[in-house]
Amino acid sequence: WETAWGLRREGFDLGVLFPNSFESAAQVYLAGARRRIGYARDGRSLLLTTAVPVVRGGHERYYYLELLRRAGLIESVPEILEIREIVRAEPAAQAAT
C-alpha cells in the first residue's frame with residue numbers, strides 16, 4: 001500500500017485503471033483521486049467513480065481505448081492499422097511451397 005500513499009502525496013485528480021484487479025482500484029481509491037475510472041469487474045465498482053461495463057472481444061488495445069471512450073476521455077476509438085489478424089496458411093498449402 002506504499003504506492004497508494006505515495007500517490008496521495010502527489011494529489012492526483014484522476015486515476016484511469018487499466019489493470020482489472022481489485023487491488024489497483026483500492027490503491028487509487030486510497031490515493032484519494034477524485035475521479036477513478038475503470039471497468040466494472042472483480043468486485044471493484046464501489047471503489048470507482050466511473051465504473052464502465054466490460055466490453056468483450058477484440059484486440060486488447062481496443063479494450064482499453066473503449067474504456068477511455070466510454071468514460072468520455074476520448075471522442076472515438078481511432079483505427080489502428082498496426083493491429084491485424086494474422087492468418088496462417090493451412091499445413092497442406094505450406095507443404096506445397
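**A walk through the predicted fold**

In the protein chain, 26% of the contacts between residues at least 6 apart in sequence join residues at least 24 apart; contact means heavy atoms within 4.5 Å. The model is predicted, so local features need pLDDT of at least 70 and side-chain atom pairs count only at pLDDT 80 or more, while totals for chains, interfaces and linings use all residues. Residues are numbered from 1 along each chain as its sequence is written, and side-chain values use heavy atoms, with hydrogens and water left out.

The protein chain holds 4 helices and 3 strands, in the order α-β-α-β-β-α-α from the N terminus. Helices (H or I, at least four residues) and strands (E, at least two) are DSSP runs, numbered from the N terminus. Of the 97 residues, 28% count as buried, that is, under 20% relative accessible area with a 1.4 Å probe and protein chains only; exposed is over 50%, and partly exposed lies in between.

Helix H2 (residues 22-31) has the buried residues Ser24, Ala25, Ala26, Gln27, Val28 and Ala31. The buried residues of H2 pack against helix H1 (2-10), strand E1 (14-16) and E2. H1 and H2 pack at an angle of about 35°, with axes 7 Å apart; the axes are lines fitted to C-alpha atoms, for helices over the stretch in contact, and angles run from 0 to 180 degrees between N-to-C directions. Thr3, Ala4, Trp5, Leu7 and Arg8 of H1 meet Gln27, Tyr29, Leu30 and Ala31 of H2 in this contact. After H2 comes Gly32, with a positive phi near 85°.

Strand E2 (residues 35-39) contains Arg36. Beyond its neighbours within four places in sequence, Arg36 touches residues including Val28, Tyr29 and Leu47.

By this rule there are 4 salt bridges. In helix H3 (residues 60-70), Glu66 and Arg69 are 3 residues apart, about one turn of the helix, and their side chains form a salt bridge at 2.5 Å, N to O. Arg70 also forms a salt bridge with Glu66, the closest N and O atoms being 3.0 Å apart. Shared partners join Glu66, Arg69 and Arg70 into one network. Glu66 counts as buried because its relative accessibility is 13%, whereas Arg69, at 34%, counts as partly exposed.
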